[in-house]
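Have the chain open in your viewer as you read.

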Amino acid sequence: MDRLILLFSLAPVMKGFIAMGISGAAFPLCGVMVLRLNLVPMRYMLMHGVILGGAIAMALNVPLLPVTITVNLILVFMMLMMTNDGTGRNFGGTSAATMVLSMALASLIMHAADVPAKDTLDLLWGSPFALSLLDIASLCALSLILFLYVILNFRNIKNLFFSKEISMSLGIKVRLHNAVMVIMIASVVAVAMKLLGAFLIDSLLILPVMCAAPFLKKFKKNGIRALFIGSSITGFSLSVAGYIIAVAADFPPAGTISLLAGILFFIGRIIK
């Protein structure tokens, strides 16, 4: 215990702990949006968009995070424009094409600007131990925006998840809310991949939702609300517990958190 207290007195360890707690609580909210809007293919495209943004940032020698977020937002806007209804519900084929295009552009930029591929691919292995105060502030700001959007627009989100057509008949701005949710997903993927690494994206974005869902069957009446709350609590618990275990046992945080999430997922499926 004394050793653990000593380790958490170190600034990099405590910063990582704060970041993991914030990310674990907030990012599963985006995971609910990804799964309910069937945007899983888009997530892979956004991860490749971050690599393209990293190649551009290194080629121009400019800050990485603003470029990766900008690239992902551009890709998302392009894809929204290419869907017939502007909702992004049919991103499957477009996501695959955009993913290939992103990697092709990243490859050409790295070749033309002599950017080592290893430096760009290091984006896949971000570490919570290497975060600055500015990184944590970015996580806090993005998480706050995400929480506020879900809380203030919960009724619209719930109706939109249920039926796009009924939502439109109720006067809900379906195109606007879908665009906002897709933009937030793009921003979360860009920030998470840069700061925490690609390995932790699914562990914080998707798995907490899939882990919480089997245990929420008795809350059918308040299903979406329970899913948002349950996913956030599950993500926070997995992140905090996994991080503490990783620090205490000198394990990699990403692998430890992902392992806990995977075990909980299969326990939930067995119970179900």
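Predicted model: local features only at pLDDT ≥ 70, side-chain atom pairs only at ≥ 80, totals over all residues.

Residues are numbered from 1 along each chain as its sequence is written, and side-chain values use heavy atoms, with hydrogens and water left out.

Helices here are DSSP runs of H or I with at least four residues, numbered from the N terminus. Meet the pair:

| Helix | Residues | Some contact residues |
|---|---|---|
| Helix 2 | residues 11-36 | including Gly16, Met20 and Gly24 |
| Helix 13 | residues 223-249 | including Phe228, Ser232 and Gly235 |

Contact means heavy atoms within 4.5 Å. The axes of helix 2 and helix 13, lines fitted to C-alpha atoms over the stretch in contact, come within 8 Å and cross at roughly 150°, on a scale from 0 to 180 degrees between N-to-C directions. Helix 2 and helix 13 are therefore roughly antiparallel, a label for angles over 145 degrees.

Which rings pair up between these helices? Phe17 and Tyr243 do, with centres 6.0 Å apart and planes at 45°, so the pair is tilted. Phe17 sits in helix 2 and Tyr243 in helix 13, 226 residues apart.

Just after helix 3, Asn61 takes a positive phi of about 60°.

Key
Helix = DSSP H or I, 4+ residues; strand = E, 2+ residues; numbered from the N terminus. Parallel < 35°, antiparallel > 145°, perpendicular 65-115°, else oblique. Phe/Tyr/Trp six-rings, centres within 6.5 Å; stacked < 30°, edge-to-face > 60°.
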